[in-house]
Amino acid sequence: MASLCLGVILPAAGAEPAEVVVEKMQFVPQVLRIKPGMTVTWVNREKRSNHSILFEQENLESDRFFPGETYQRAFDKPGIYPYRCGPHPEMLGVIEVAE
Ligand SMILES: [Cu+2]
């Protein structure tokens, strides 16, 4: 393990859950890298827009969540998990789960 990717900011160990802010019709960060077993929280910080988190590959979609509300999902298996917003297909994000 001599060469870690120093350009990637990993959440500190034990600092679960990791967070994606949903604001101005975007997921921030758009790509979030986490370790297996971590839980991601999406936080809606819009003024009035509601969104969902849709994992098309898995046919899994959250309920719509509104400003001030959150959605959480735990990721146990390493992999690349692309997602988009259900009602706004142009809103794209990726969760990378890797050791
Ligand atoms: Cu949306």
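Biologist: How much of the contact set with a separation of 6 or more comes from residues 24 or more positions apart?
Modeller: That share is 48%. Two residues are in contact if their C-beta atoms, placed from the backbone, lie within 7 Å. Keep in mind that this is a predicted model: local features need pLDDT of at least 70, side-chain atom pairs count only at pLDDT 80 or more, and totals for chains, interfaces and linings use all residues. Numbering starts from 1 along each chain as its sequence is written.

Biologist: OK, and how many helices and strands are there?
Modeller: Zero helices and nine strands. Both are DSSP runs numbered from the N terminus: helices are H or I with at least four residues, strands are E with at least two.

Biologist: Which way do β1 and β4 run, parallel or antiparallel?
Modeller: Parallel, with five bridges joining β1 (residues 18-23) to β4 (residues 38-44). Strands pair if DSSP finds at least two bridges between them. Glutamate 19 sits opposite threonine 41 in β4.

Biologist: And what about β1 with β2?
Modeller: Those run antiparallel, joined by three bridges. They make a hairpin with two residues between them.

Biologist: Why does lysine 24 count as exposed?
Modeller: Because it has 10 C-beta neighbours inside 10 Å; exposed means 12 or fewer other C-beta atoms within 10 Å, buried means 20 or more, partly exposed is in between, and C-beta atoms are placed from the backbone.

Biologist: New topic: where is proline 29?
Modeller: In the loop between β2 and β3 (31-34), and the peptide bond from valine 28 to proline 29 is cis, with omega near 0°.
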